[in-house]
Amino acid sequence: MKSSSLLVSLVLGATLVGSASLALARENMSPTDEAIVTRQAGYKFMAWNMGKIKGNLAGNYNKEQVAAAANTINAIANSGMGALYPAGSDKAGAGVHTHVKPELFKQPEKVKELAIGLSKATNELARAAASGDAGAVKVAFGKTGEACKSCHDKFREKE
């Protein structure tokens, strides 16, 4: 078995085990806690894919990897993440923690504005990545990072 095939098999196996464990754990979660865990997973996966793009911009640029990562980020940003902020999800239950400041729930128009900004930035990132132009990706990547930071600065507690 090639090392790349082995790696894919290991990743898929770990994903399946992790998914099964998460499904079992979620049976005992409140809907609010499940929303928190789900939104955190989405943002972590976006961050992981941002790291992939950053690595490509710093090293050997692989336009297919960049396009896949940009499309993933864009899909998550445009997936309706706002539904994962139900009332009460500024506070988590036992075993679940959230970094969202309660102010987020008091400023829905600002949150909407920030979400639209993220969506526009990730749309541009996906377009730039599809072009294969590393320079355009670098600019769009910076704008996407700024969109993320604008929400973090306002509505995310420091870890």
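I began with accessibility: a residue is buried when its relative accessible area is under 20%, exposed when that is over 50%, and partly exposed in between (1.4 Å probe, protein chains only). I kept in mind that this is a predicted model, in which local features need pLDDT of at least 70, side-chain atom pairs count only at pLDDT 80 or more, and totals for chains, interfaces and linings use all residues. Residues are numbered from 1 along each chain as its sequence is written, and side-chain values use heavy atoms, without hydrogens and water.

Cysteines. I looked up Cys151, which counts as partly exposed at 25% relative accessibility, and then Cys148, which is also partly exposed, at 24%. A disulfide is a pair of cysteine sulfur atoms within 2.5 Å, and by that rule I found zero disulfides. The sulfur of Cys148 lies 8.7 Å from the closest cysteine sulfur, that of Cys151, so the two are too far apart for a bond.

Helix H2. Helices are DSSP runs of H or I with at least four residues, numbered from the N terminus. I took the expected span as 1.5 Å times one less than the number of residues; the 28 residues of H2 (residues 31-58) should therefore span 40 Å, and the end C-alpha atoms are 41 Å apart, which agrees. Among the buried residues of H2 I noted Ile36, Val37, Met46 and Ile53.

Lining of the largest pocket. I sorted the lining residues into 19 nonpolar, ten polar and five charged, where Ala, Val, Leu, Ile, Met, Phe, Trp, Tyr, Cys and Pro count as nonpolar, Asp, Glu, Lys and Arg as charged, and the others, Gly among them, as polar.

Terms used: Helix = DSSP H or I, 4+ residues; strand = E, 2+ residues; numbered from the N terminus.
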